[in-house]
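Thank you all for making time this morning. I would like to walk through one structure with you, so please have the sequence and the coordinates open as I speak.

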Amino acid sequence: MLQKDDSLSGANTVDLLKNKFGFDDAFNYKEEPDLDAALKRCFPEGVDIYFENVGGKMLDAVRLNMRIRGRIAVCGMISQYNLEKSEGVHNLMQVVGKRIRMEGFLAGDFYHQYPKFLELVMRAIKEGKLVYVEDIAEGLEKAPSALVGIFTGQNVGKQLVVIARE
C-alpha cells in the first residue's frame with residue numbers, strides 16, 4: 001500500500017515495477033531522452049504485446065519496436081488528455097509493414113465477465129501471484145487533488161479516497 005507521503009519519483013516507480021511487480025526491466029517514459037533507444041534496450045527482440053495508456057511519443061516509439069504481428073490494446077492516451085491540440089500520429093506505416101493489430105479496449109465491453117474475473121483475481125491475490133498498489137487519500141477534502149493527481153502522474157496504483165474509517 002502506498003501512502004501520499006511516499007516518494008513517487010521516476011526511480012521509485014521503476015524500482016516498484018522491477019522489485020514488487022517482478023518486471024524484468026522498466027523505464028520512466030517521462031525521463032527518457034530517447035524512447036526508441038529505451039525500448040530497444042529493454043526489448044532487444046521487439047515487443048509482442050503492448051497495453052497502451054500513454055499515447056503520443058511513447059506510442060510512436062512502441063510502433064517502431066513492435067514485432068511482426070504484434071498487438072496493441074489501446075485503453076487510453078493520458079499524455080494527450082490535457083493538450084489543447086493532440087499530437088500527430090507518427091510511424092503509422094509500421095502497422096502495415098509489421099501487420100500490427102491495434103484495437104481499442106474498454107473495460108465495460110467485458111463487464112459480463114466480471115464475476116469470473118473476480119474469482120481469478122482474488123485467487124491470484126491470495127496465492128501471492130498478483131500484487132497491487134493502492135494510493136490512499138484520507139478525507140473527502142482530498143478527493144479533488146487525488147483526481148487531478150491521476151491525470152498528472154502523481155499517483156501509483158489504484159487511487160482511493162477514504163471518507164471515513166470504521
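Let me begin with Glu103, which counts as partly exposed because its relative accessibility is 43%, where buried means under 20% relative accessible area, exposed means over 50%, and partly exposed is what lies in between, computed with a 1.4 Å probe and with protein chains only. Glu103 forms a salt bridge with Arg101, and their closest N and O atoms are 2.7 Å apart, the term being used for a side-chain nitrogen of Lys or Arg within 4 Å of a carboxyl oxygen of Asp or Glu. Arg101, at 52% relative accessibility, counts as exposed.

Before I go on, a word on conventions. This is a predicted model, in which local features need pLDDT of at least 70 and side-chain atom pairs count only at pLDDT 80 or more, while totals for chains, interfaces and linings use all residues. Residues are numbered from 1 along each chain as its sequence is written, and side-chain values use heavy atoms, with hydrogens and water left out.

Along the sequence, the pattern reads β-α-α-β-α-β-α-β-α-β-α-β. The C-alpha atoms fill a box of roughly 55 × 35 × 30 Å, taken along the principal axes, and of the 166 residues, 27% count as buried. If we take contact to mean heavy atoms within 4.5 Å, then among the contacts with a separation of 6 or more, 56% are between residues 24 or more positions apart.

Which part of the chain is largely enclosed by the rest of the structure, and why? That description applies to helix H3, residues 56–65, because eight of its ten residues are buried. The buried residues are Gly56, Met58, Leu59, Asp60, Ala61, Val62, Arg63 and Asn65, and they pack against helix H2 (35–42), strand S2 (47–52), strand S3 (66–74), helix H4 (93–97) and S4.

Helix H4 brings us to Gln94, which lies within it and which, at 22% relative accessibility, counts as partly exposed. Leaving aside residues up to four places away in sequence, Gln94 touches Arg63, Leu64, Arg99 and Ile100. Gln94 and Asn12, by contrast, are 82 residues apart in sequence and 33 Å apart in space, C-alpha to C-alpha.

Most residues other than glycine have a negative phi. Arg99, however, has a positive phi near 55°; its place is in the loop between H4 and S4, and at 41% relative accessibility it counts as partly exposed. Arg69 also has a positive phi, about 65°, although it is not a glycine; Arg69 is found in strand S3 and is exposed, at 58% relative accessibility.

Finally, the surface. Where does Tyr111 sit? Tyr111 is in the loop between strand S4 (101–104) and helix H5 (114–126), and it counts as exposed because its relative accessibility is 59%. Together with Tyr114, Phe117, Leu118 and Met122, Tyr111 makes a nonpolar surface patch of about 520 Å². Patches are made of residues with over 30% relative accessible area and no salt bridge, where nonpolar side chains (Val, Leu, Ile, Met, Phe, Trp, Tyr) are joined within 5 Å and like charges within 9 Å. The accessible surface of the protein chain comes to about 11,700 Å², of which 57% belongs to carbon and sulfur atoms, the areas coming from the Shrake-Rupley method with a 1.4 Å probe and, for residues, with only the protein chains shown counting as cover.

How values were computed. Helices (H or I, at least four residues) and strands (E, at least two) are DSSP runs, numbered from the N terminus.
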